[in-house]
Amino acid sequence: MKKLVVFALAIAMIATSAFAGGAKESDGFTIAGIYKMGDAEWFLQEGEASREVIEAAGGTFMYMDAGLDGARYIEMIDNAITQGVDGVLTCPPDQNLSQAVVNKLEAAGIPVIACDDALQTPDGTRLAPWVGIDGYNIGKSVGEWAVEYIAENNLADDPQFGIMLMTADTVSSVVPRTEGQYDVIDAAYPQIDDSGRIFRADHDTTAADGNTAASAVITGNPQITKWLVLGVSDDGAQGAARALESVGLAENSMCVGLGGYFAPEEFAKETSPFKACAYFSAKDVGGTAARYMVDYLQNGTPIPESYGTGAIIVEPGDDLASIMPEYM
């Protein structure tokens, strides 16, 4: 199956009001990275890339894990302010905290870049620069891969075939991934949704919650024995893969991850249905955000308003060592 590449999207360099000041000292600076799931492979890779850029520029990087705890996250923001950090890179565990976080950092004169999940108002207006993935187009690339998979396996009109979209409806950066997947599939095969064979398993993007959500959909729909699971993260797809294995449906099913960090591990398992993923680089996200922040602190260069990295579909047999060396 051919590979589909989504090119990175960079939007014009526009500084927000939070970054209207001049450059700070060019050495001895400290940047905090505060992440919603700091123990997850994606954020570990992202944070390490930020660390490399910041330390190469003569700065110090503080890596913090909020553990999906909103109260803990706010404490970490307050702690970073108290310690006098020069900049913050962050992925919030709850986007409802966005305004409070931006207010705190603006009052302290500390610039912030949102990574992965935007700092935004309830209506989606961004409050700070954002670096992440081009979610809708990455979702479309997965949808295009899925359309080919459905055609190759004559599944469109098979009553035993169903599609499970692993949604995360409370995370703004994730919703477009599912929208892109659905739009492409529904345009090619509207009969699948019309016959009630597209299902949604909402989860928090972790493997454990993905397993729980997928299990509920699978057990609630015994008429479906051939599943195509489209993840919004590798973690959720991995959780769904374990759910399919537990009920004996893995052989005729397929799970597609997003991220790529679990691809080498899952592709090596003969019985795993996790056999494709959209790889995009956590290092690109972390490195780009850090470069923007360092360039602002050292040179006063305005921080770009938005940057979204792209993806490539990978499958077993691909040269993963050259495509995603950080995960090998």
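The largest pocket holds about 320 Å³ of space. A pocket here is an open set of points on a 1 Å grid over the protein atoms alone, where a 1.4 Å probe fits, with protein on both sides within 12 Å along at least five of seven lines. The volume is the space filled by probe spheres set on the points, which are joined across faces, edges and corners. The largest pocket is lined by 18 residues, and P93, D94, Q95, N96 and T170 are the closest to its centre; a lining residue has an atom within 4 Å of a point. By class, the lining has six nonpolar, eight polar and four charged residues. Nonpolar means Ala, Val, Leu, Ile, Met, Phe, Trp, Tyr, Cys and Pro; charged means Asp, Glu, Lys and Arg; the others, Gly among them, are polar.

A word on the source. This is a predicted model, where local features need pLDDT of at least 70 and side-chain atom pairs count only at pLDDT 80 or more, while totals for chains, interfaces and linings use all residues. Residues are numbered from 1 along each chain as its sequence is written, and side-chain values use heavy atoms, with hydrogens and water left out.

Next, two helices. Helix α2, residues 70–82, packs against helix α3, residues 98–108, at an angle of about 5°, and their axes are 10 Å apart. So α2 is roughly parallel to α3, a label for angles under 35 degrees. Axes are lines fitted to C-alpha atoms over the stretch in contact, and angles run from 0 to 180 degrees between N-to-C directions. Helices are DSSP runs of H or I with at least four residues, strands are runs of E with at least two, and both are numbered from the N terminus. On the α2 side, the contact uses Y73, I74, I77, D78 and I81; on the α3 side, V101, K104, L105 and A108. Contact means heavy atoms within 4.5 Å. That contact has seven nonpolar, no polar and two charged residues.

Now the loops. L68, between β4 (60–65) and α2, has a positive phi near 60° although it is not glycine. Its relative accessibility is 39%, so L68 counts as partly exposed; buried is under 20%, exposed over 50%, and partly exposed in between, with a 1.4 Å probe and protein chains only.

Leaving out residues up to four places away in sequence, V85 touches T30, A32, M62, A80 and I110.

Methods. Angles under 35 degrees count as roughly parallel, over 145 as roughly antiparallel, 65 to 115 as roughly perpendicular and the rest as oblique.
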